[in-house]
Amino acid sequence: MFENYNMNELNVSSTAYINWLEQIIDSINDGILVIDSKGIVRVINDEYTNITGVKKGTIIGKKLVDVRKGAILPSVLNDGKKRTGIYRQEGNSRYVVDMAPIDSGERMIGAVSVLKSVTEVGKLTKELAKSREALGKLENTVGDIYKTRYTFDDIIGKNAGLEKTVAIAKKASHSNLNILICGESGTGKELFAHAIHYEGKRSGYPFVPVNCAAIPSSLLEAELFGYEEGTFTNSKKGGKIGLFELANNGTLFLDEIGDMPVDLQPKLLRVLQDGRIRKVGGLREQEINIQVIAATNKDLENMTRKQRFRADLYYRINGIQVVIPPLRDRKDDIHVLIDHLLHHTHELKEMNVTNDAISALIQYDWPGNTREFFNVFQYAMNMTDNATIEMDHFPEFLTRKTSLPNTYQEKSLKEVLKRTEQEIIQQTLKTYGYTLEGKKKAAKKLGISLATLYNKLSE
Ligand SMILES: Nc1ncnc2c1ncn2[C@@H]1O[C@H](COP(=O)(O)OP(=O)(O)OP(=O)(O)O)[C@@H](O)[C@H]1O
Ligand SMILES: [Mg+2]
């Protein structure tokens with residue numbers, strides 16, 4: 001990589017020149033690692049070895065990602081952006097890394113990492129305590145998400161409408177516009193949000209999900225913006241980092257945005273417009289760079305008409321709209337989903353499905369969409385004793401032809417209403433599952449509180 005320099009000016013041989021440069025680099029107090037445009041390690045200095053324990057012989061000439069799992073430097077080659085202050089720990093060694101592209105003026109010819117050992121940088125200790133707190137919080141908040149990274153390959157379906165949606169979502173992932181994902185419950189909004197994030201240029205940064213419906217509105221502002229120490233009676237020492245800040249350079253996924261409290265909406269709008277946040281109780285403004293992916297199963301446009309959602313915020317988040325069709329509008333995918341479940345999730349035995357059972361699956365309306373389909377089909381796979389799935393293996397609600405007047409003949413209206421209510425509750429619970437989380441979602445879907453749901457279940 002030193003060949004680009006003009007050797008003649010120095011009037012030394014190229015070997016001597018390289019030796020000279022190597023001595024200079026080795027005398028620098030910071031660890032240095034340089035990769036070329038192909039991601040191959042070309043240079044490391046002695047301090048790099050001191051800090052990381054990695055010796056020249058084991059890394060020079062090798063692809064960095066092969067020898068240093070999780071290395072971020074190659075992503076600098078991809079996006080040409082600097083990274084600063086990345087905190088790392090290896091065994092007892094703690095250090096902070098700055099990374100930058102090396103640009104020849106015409107093209108990217110490599111990238112460099114500069115490592116500062118924390119022990120050597122006493123004055124940074126205070127800053128680092130903060131960073132570590134941020135990292136701890138980051139790990140907690142985003143740790144689960146890093147475990148499950150969905151990509152576009154995880155989206156099952158060949159229906160033309162769904163494929164169109166996927167094509168728009170892929171384009172959206174390469175843009176800087178905010179994205180609004182619309183779709184009924186269980187259509188895969190969260191799956192799409194993941195896929196968009198991991199496809200795009202922000203994939204090396206956090207994906208921070210926030211469920212606007214699950215966090216009480218009184219806490220949501222502090223969660224999003226963070227707060228300064230001493231703002232609240234019980235506030236944490238050192239204050240709290242907000243989710244906007246955690247998502248910096250990455251993606252903030254605002255799930256169930258339709259439930260965002262109206263008084264918080266202008267504050268969110270301001271962040272999206274100005275790219276700046278200020279902690280609750282704080283004075284200092286801080287720049288942030290995030291892409292927002294919002295998701296909703298509500299008709300936000302209609303809500304803006306009823307003044308339940310701010311129109312200006314709606315236009316801001318609706319940079320690109322990704323509309324996921326419900327399963328009942330893409331019944332050609334039922335075969336694809338069956339095929340997936342039979343062949344990719346059940347390795348133990350070969351299974352098949354009778355034609356009657358397939359027709360029942362096609363006829364059903366699937367109010368809980370793909371999520372409900374997975375639940376129902378996996379239930380049937382567990383119900384069959386042999387390798388054939390039949391109608392009988394499905395939950396009763398799927399195959400029952402309901403005809404209310406006949407079913408409830410000669411019953412009082414009160415009884416009919418009660419039975420219908422119970423059936424709807426059971427059906428909703430089958431869609432969402434009987435876990436606490438499932439019950440919460442079911443209660444929300446039914447427009448009743450969790451306590452009311454429990455009351456009705458015990459009736
Ligand atoms: N097209 C699909 N391919 C594969 N899996 C899917 C698809 N759509 C949904 N799923 C699966 O269904 C489940 C529900 O998906 P997800 O949580 O993304 O839905 P959602 O639209 O966010 O639902 P809700 O509105 O209830 O939050 C997940 O397990 C997801 O992996
Ligand atoms: Mg969701």
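Reply: Let us begin with the ligand: α9 and α17 (369-383) each supply at least two residues of the shell around ligand 1. Helices here (H or I, at least four residues) and strands (E, at least two) are DSSP runs, numbered from the N terminus. The model is predicted, so local features need pLDDT of at least 70 and side-chain atom pairs count only at pLDDT 80 or more, while totals for chains, interfaces and linings use all residues. Residues are numbered from 1 along each chain as its sequence is written, chains are lettered from A and ligands numbered from 1 in the order in which they are written, and side-chain values use heavy atoms, with hydrogens and water left out.

Me: Which residues come nearest to ligand 1?

Reply: A residue is near a molecule if one of its heavy atoms lies within 4 Å of it. Of the 16 residues around ligand 1, the nearest are I156, S185, G186, K189 and R371.

Me: Which polar backbone atoms does a nitrogen or oxygen atom of ligand 1 approach?

Reply: A polar contact with the ligand is a pair of N or O atoms within 3.5 Å. A nitrogen atom of ligand 1 lies 2.8 Å from a polar backbone atom of I156. An oxygen atom of the ligand is 3.1 Å from such an atom of G188, and an oxygen atom is 3.0 Å from one of E190. The protein covers 86% of the 630 Å² of accessible area that ligand 1 has on its own (Shrake-Rupley method, 1.4 Å probe).

Me: Is helix α9 mostly covered or uncovered?

Reply: Buried means under 20% relative accessible area, exposed over 50%, and partly exposed in between (1.4 Å probe, protein chains only). In α9 (residues 189-199), eight of the 11 residues are buried, among them K189, F192 and Y198. K189 also belongs to the residues that come nearest to ligand 1.

Me: Where are N249 and E256 found, and is each buried or partly exposed?

Reply: N249 is in the loop between α11 (243-246) and β10 (251-255), and is partly exposed, with a relative accessible area of 30%. E256 is in the loop between β10 and α12 (265-274), and counts as buried at 17% relative accessibility.

Methods
A polar contact is a pair of N or O atoms within 3.5 Å; within protein, one must be able to donate a hydrogen and the other to accept it, and residues adjacent in sequence count only if both atoms are side-chain atoms.
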